[in-house]
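These are my notebook entries on a structure that I had not looked at before.

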Amino acid sequence: MSHSFNYELAFSRNIGWVTDEEQAILKTKRVAIAGMGGVGGSHVLTLVRLGITKFHLSDFDEFACENTNRQAGANVDTYDKKKLDTMVSMAKAINPEIEFKLWPEGITPENTDEFLEGVDCYVDSLDFFALEARKLVFKLCAEKGIPATTAAPIGMGTAYLNFLPGKMTFEEYFQLDGYSENEQYLRFFLGLTPAALQQAYLVDPSRLDLANKKGPSTIIGCQLAAGVTAAQVAKIFLNRGDVLNVPHGLHFDAYTNQYKKTWRPMGNSNPIQKLAFKIGKKRLLDNPPPQKAADNHELTNAEKIIDLARWAPSGDNTQCWRFKLIDEDNFIIIANDTRDSVVYDLDGHSSHLAHGALLETIDIAASQYGFSVNIEPDYSDKTLLQIKVSLSKDDSVKTHALAPYIKTRTVQRRAMGVNPLTHAEKEQLIQALPEGYSIQWFETKEDKLAIAKLNFCNAKTRLTMYEAYNVHKEIIEWNKQFSETKIPEQALGVDWPTARLMQWLFKSWGRVKFFNTFLAGTILPRIQLDFIPSLKSSAHFAIVASKAPETIEEYINAGRALQRFWLTATKLQLGFQPEQTPVIFSRYIDNDIQFTQDNDVIANANKGKAMYESLLQQPKNTVFLGRVGRSKAPKSRSIRKPLDDLIIR
């Protein structure tokens, strides 16, 4: 095998998509690329492999760790090294015959004319925020008759525009002059991506920080942009194919599976663009998304683990815990219950399940940092537990397989896919449970219908009980997608009209009682929240202990088992919904715990208890009832209080 470079052989596999004669033309062409960062480095390498051999390159910056996610030349060996030098070296390793002219000081008003001298095409890869340099380069390209192309990496896709000689120019399209700096950024962005395919999946708008000139990015967008750019350059150089010019453009998004041709006559003066600018200005400039506060100090080991563990589940997102720091490796969990305010927690045991889930999450979170965990509980005060947690560095501890799912674990209250669980999935869920716990599955259509009827019955108990009304009116945050302390409306699983009706009813118990008595007010929410989702699932399950739990410690251990099961379901990409009220009301009745003054409610609860006991093999040993199903991650969810709000310093 030959190890010497030969141009014809090196690029022979291009032939077929281009002819031999066209490949020879590509070899003679000269491309200018300003910027060797997010897309610039990928542009260089892609065009080199296309067979381009003459380049004008500029960049003044150095690679750093934060470039690793997207920049072709960024790796641990190139940190603190010049981007320009790195990319030239990588390009020469592909084709040692390349001819380079370099501008290591970057693009300036003084050198742009020279930078574009003799260039056949300009490929834009300047930083998004380098608008002044970009305007100058495109202006000179128009004056010199140089084709210019820009492919923007947007999320997990790319939007591209061409500016060809004698046609609509950069300034005529974007119309940036006369606007403030931030307004120019917004107009540039809107002009780049008029289809806005990416807006459906930006999960954290706070990461778009115009003030500090930072925004989210992916290698997916950069590589797609490089491929699109190379195709445009080839068509321009070979006079082949339809080369669109602004106001026409294209946007392909690999995440949303969409490809759109865009057309904005008059550019940013187009009425659609004007409206988009007005909306964007209001959302991003006049009322920007709140930026996440920077940490005032480097987190201690204890704080790092608490920061993950706070994502453990708790009933209705009550977050029934606080953390008292002792030192950097030791802290105390102050674990309260909600028996005084929540009917579903009359004996505190529902909160104890949450406390157990918290302890299991601490163990799993600590594994990410190589710590073993020692727990010293003090349950002398049954309503305010104190649990000392000590961290010890342990080289034998490896990151737990469930650690990545701590923050993504959530509740899916809506209907889910019904495809049955596979044997392998069920085995993983069963293996997640520690010794002393087992699973009873409910998988057939008949089983699901029986559980649906059970949940429908128990929902009536919930929705007609004054004691539960006092809970429900406080735990929902209306018109919200996310909530730090409650359940956001959009996560409830009801449609907009039902949510509005519920919001109106919850203004007073009188409204609820009247509606329930005379207008069958519980029927619609029970169907939407309980009956249909119970049918639309892969399976229901009961987590069963080897003995009926009685003590705080036994409920905490059950909570630990539950969290392992729940995180495993998340790992398997299964939606998860607790169905715990049948367990709770049955336990209250068994233990003669008075949970309401309403005899009709008690009668319905007894009806539900009979249904529950007819379905469960060991009803008294059952610690948790729920369902799983095929589901995407919900778009709305409860989040958590900030770390500083949970720590007692």
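I began with H3 and H9, which are oblique to each other, because angles under 35 degrees count as roughly parallel, over 145 as roughly antiparallel, 65 to 115 as roughly perpendicular and the rest as oblique. The axes of H3 (residues 40-50) and H9 cross at roughly 45° and come within 9 Å; I took axes as lines fitted to C-alpha atoms, for helices over the stretch in contact, with angles from 0 to 180 degrees between N-to-C directions. Helices (H or I, at least four residues) and strands (E, at least two) are DSSP runs, numbered from the N terminus.

I noted that the model is predicted, so that local features need pLDDT of at least 70 and side-chain atom pairs count only at pLDDT 80 or more, while totals for chains, interfaces and linings use all residues. Residues are numbered from 1 along each chain as its sequence is written, and side-chain values use heavy atoms, with hydrogens and water left out.

The crossing of H3 and H9 is right-handed, a term that I used when the near helix is turned clockwise from the far one by less than a right angle, left-handed being the anticlockwise case. On the H3 side I found Ser-42, His-43, Thr-46, Leu-47 and Leu-50 in the contact, and on the H9 side Cys-222, Ala-225, Ala-226, Thr-229, Ala-230, Val-233 and Ala-234, where contact means heavy atoms within 4.5 Å. By class these residues are 8 nonpolar, 4 polar and no charged; Ala, Val, Leu, Ile, Met, Phe, Trp, Tyr, Cys and Pro count as nonpolar, Asp, Glu, Lys and Arg as charged, and the others, Gly among them, as polar.

Next I looked up H14 (residues 445-463) and H18 (residues 523-535), which pack at an angle of about 150° with their axes 8 Å apart, and which are therefore roughly antiparallel. Their crossing is right-handed, and the contact of H14 with H18 has 12 nonpolar, 2 polar and 6 charged residues.

I then checked two backbone points. A cis peptide bond joins Val-246 and Pro-247, with omega about 15°, and Pro-247 sits in the loop between H9 (219-238) and strand E7 (248-253). Ala-196, in the loop between H8 (181-192) and H9, has a positive phi near 50° although the residue is not glycine.

On a 1 Å grid over the protein atoms alone, a cavity is a set of points where a 1.4 Å probe fits but cannot get out, a pocket is an open set with protein on both sides within 12 Å along at least five of seven lines, and lining residues have an atom within 4 Å of a point. Grid points are joined across faces, edges and corners, and a volume is the space filled by probe spheres set on the points.

I counted 3 cavities of 30 Å³ or more, and the largest cavity holds about 1,200 Å³. Its lining has 49 residues, of which Asp-316, Arg-413, Ile-487, Gln-577 and Pro-578 are the closest to the centre, and H12 (residues 349-367) gives the most, with 5 residues.

The second largest pocket has a volume of about 300 Å³, and of its 18 lining residues Pro-549, Tyr-555, Arg-587, Asn-591 and Lys-620 are the closest to the centre. H20 gives the most to this lining, with 4 residues.
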